[in-house]
Amino acid sequence: MCHHPFDSFRCRVQHARQHGDLYFAALISKETIASVFGNASAILDSARVYNTSVTLWVFLSQVMSIHHGCVSAVAKLITHRVANNQTACSAETGAYCIARDKIDEQSMQRLVTASGLAIEDSSPDHWRWLGHRVITADGATVTMADTSENQAAYPQLSSQAPGCGFPILRVVVLFALSTGVVLDMAMGRYKGKFTHEVSLFRQIDAIIEETDVFLADRAYAGWFEMARMIQRGAHVVVRKHQLRKSDFRTGIRYGKDDHSIQIDKPARPDWMSIEEYETYPDFITIREIRIRVENNGFRTREIIVHTSLSDDTEYTRRHRGPVP
């Protein structure tokens with residue numbers, strides 16, 4: 001029996017396992033799908049079998065299965081219908097493939113983030129690190145089918161000859177460290193203006209709120225990224241940017257390989273307006289820590305971390321916390 005508020009999700013997972021391979025039917029309800037898709041579901045909801053919710057359940061199960069074929073996906077639906085005292089639908093895959101192509105992409109993205117936020121909000125408080133919600137960012141690229149439509153929207157690398165490459169999509173995702181769910185995501189071209197990982201990150205970083213800890217690698221260690229997080233009351237834990245120099249003899253020393261420094265505001269980048277530039281402070285105060293990672297059988301590795309967690313009493317080097 002489930003008692004803790006987060007157990008509701010655990011119960012749903014246990015209940016989902018009873019649905020066989022079509023377990024998303026128990027994890028994502030019709031009501032949740034309808035609220036997220038809204039009018040975008042009208043084109044599918046008139047279908048006798050493959051309405052919006054059923055199409056999504058089958059599609060997600062297909063993606064997560066080791067058998068990615070449409071025949072296997074439809075077979076799971078037939079099994080699910082029979083187990084729930086419904087008539088078996090046709091084993092032909094044509095209707096399913098047509099319905100899947102009609103799924104609205106923007107609504108799918110909203111469904112991912114809405115589900116993630118709901119799970120994160122219901123997670124136990126003791127899953128958080130020292131009371132903080134930790135959010136981490138990461139980017140990746142995805143190649144797509146080499147069609148003229150995809151090439152126009154997401155062109156291949158300019159170094160590749162036409163016909164010798166594939167369209168490339170860049171995606172940046174924000175994860176909740178405690179649950180592993182996706183909180184938000186941004187997609188764009190691999191090349192071109194404002195297509196860098198950090199540019200996509202700026203589109204979705206508003207989800208990082210006061211008291212949150214933003215954990216990331218050095219790609220997100222730019223001065224303006226750190227300053228923006230600090231201004232809204234959030235904390236940063238990032239690897240030191242490769243262009244910055246370190247001198248642990250300077251600043252306010254907290255201990256060996258642990259001190260506080262000030263980093264001046266850099267010159268205004270071309271893409272930033274003068275008005276936005278003036279909203280940033282003249283400098284930010286950052287705590288710099290050198291960490292030695294020792295694993296048996298491997299060479300000791302040194303990592304320098306920049307963080308706004310400046311209270312060396314509350315956040316000591318001995319705390320087992322997030323490391324980028």
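**Entry 1: Gly-139**

Which residues does Gly-139 touch, not counting residues up to four places away in sequence? I looked this up in a predicted model, in which local features need pLDDT of at least 70, side-chain atom pairs count only at pLDDT 80 or more, and totals for chains, interfaces and linings use all residues. Residues are numbered from 1 along each chain as its sequence is written, and side-chain values use heavy atoms, with hydrogens and water left out.

I found that Gly-139 touches Val-171, Val-172, Glu-197 and Tyr-220, where contact means heavy atoms within 4.5 Å. Gly-139 lies in strand β1; helices (H or I, at least four residues) and strands (E, at least two) are DSSP runs, numbered from the N terminus. The C-alpha atoms of Gly-139 and Val-171 are separated by 5.6 Å, although the two residues are 32 residues apart along the chain. I noted a relative accessibility of 22% for Gly-139, which counts as partly exposed. The classes I used are buried (under 20% relative accessible area), exposed (over 50%) and partly exposed (in between), with a 1.4 Å probe and protein chains only.

**Entry 2: Val-134**

I turned to Val-134, which is found in strand β1, residues 134–143. At 5% relative accessibility, Val-134 counts as buried. Its C-alpha atom is separated by 9.6 Å from that of Val-236, 102 residues apart along the chain.

**Entry 3: the chain as a whole**

I recorded twelve helices and nine strands for the chain. Of its 324 residues, 43% count as buried. The accessible surface comes to about 18,600 Å², and 52% of this belongs to carbon and sulfur atoms; the areas come from the Shrake-Rupley method with a 1.4 Å probe, and for residues only the protein chains shown count as cover. Among contacts between residues at least 6 apart in sequence, 58% join residues at least 24 apart.

**Entry 4: the nonpolar cores**

I next examined the nonpolar cores, each a set of buried Ala, Val, Leu, Ile, Met, Phe, Trp, Tyr and Cys residues joined through side-chain atoms within 4.5 Å. The largest has 34 residues, and those with the most contacts inside it are Leu-174, Phe-201, Ile-208, Phe-214 and Tyr-220. Helix α11 (residues 223–231) gives the largest share of this core, five residues. A second, separate core of 27 residues includes Val-49, Trp-57, Ile-78 and Cys-89.

I then listed the contacts of Tyr-220, not counting residues up to four places away in sequence: Ala-137, Asp-138, Gly-139, Val-172, Glu-197, Val-198, Phe-201, Phe-214, Glu-225 and Val-238.

**Entry 5: helix α11**

Why is α11 largely enclosed by the rest of the structure? I found seven of its nine residues buried, so the rest of the structure largely encloses α11. The buried residues are Trp-223, Phe-224, Glu-225, Met-226, Ala-227, Arg-228 and Met-229. After α11 comes Gly-233, with a positive phi near 90°.

**Entry 6: helices α5 and α7**

I checked how helix α5 (residues 52–64) packs with helix α7 (residues 94–101), and noted an angle of about 95° with the axes 10 Å apart. That makes α5 roughly perpendicular to α7. Axes are lines fitted to C-alpha atoms, for helices over the stretch in contact, and angles run from 0 to 180 degrees between N-to-C directions. Angles of 65 to 115 degrees count as roughly perpendicular, those under 35 as roughly parallel, those over 145 as roughly antiparallel and the rest as oblique.

On the α5 side I listed Thr-55, Val-58, Phe-59 and Gln-62, which meet Tyr-96, Ala-99 and Arg-100 in α7. The residues of this contact divide into four nonpolar, two polar and one charged. Here Ala, Val, Leu, Ile, Met, Phe, Trp, Tyr, Cys and Pro count as nonpolar, Asp, Glu, Lys and Arg as charged, and the others, Gly among them, as polar.

I noted Leu-130, which has a positive phi of about 50° although it is not a glycine. Leu-130 is placed in the loop between α8 (105–121) and β1, and at 43% relative accessibility it counts as partly exposed. Thr-211, likewise not a glycine, has a positive phi of about 75°. Thr-211 lies in the loop between α10 (197–204) and β4 (213–216) and counts as partly exposed at 42% relative accessibility.

**Entry 7: two exposed loop residues**

I looked up Asn-39 in the loop between α3 (30–37) and α4 (42–45); at 76% relative accessibility, Asn-39 counts as exposed. The C-alpha atoms of Asn-39 and Ser-107 are separated by 9.9 Å. Lys-245 is found in the loop between β5 (235–239) and β6 (252–255) and counts as exposed at 78% relative accessibility. Leaving aside its neighbours within four places in sequence, I found Lys-245 in contact with Lys-240 and Glu-288.
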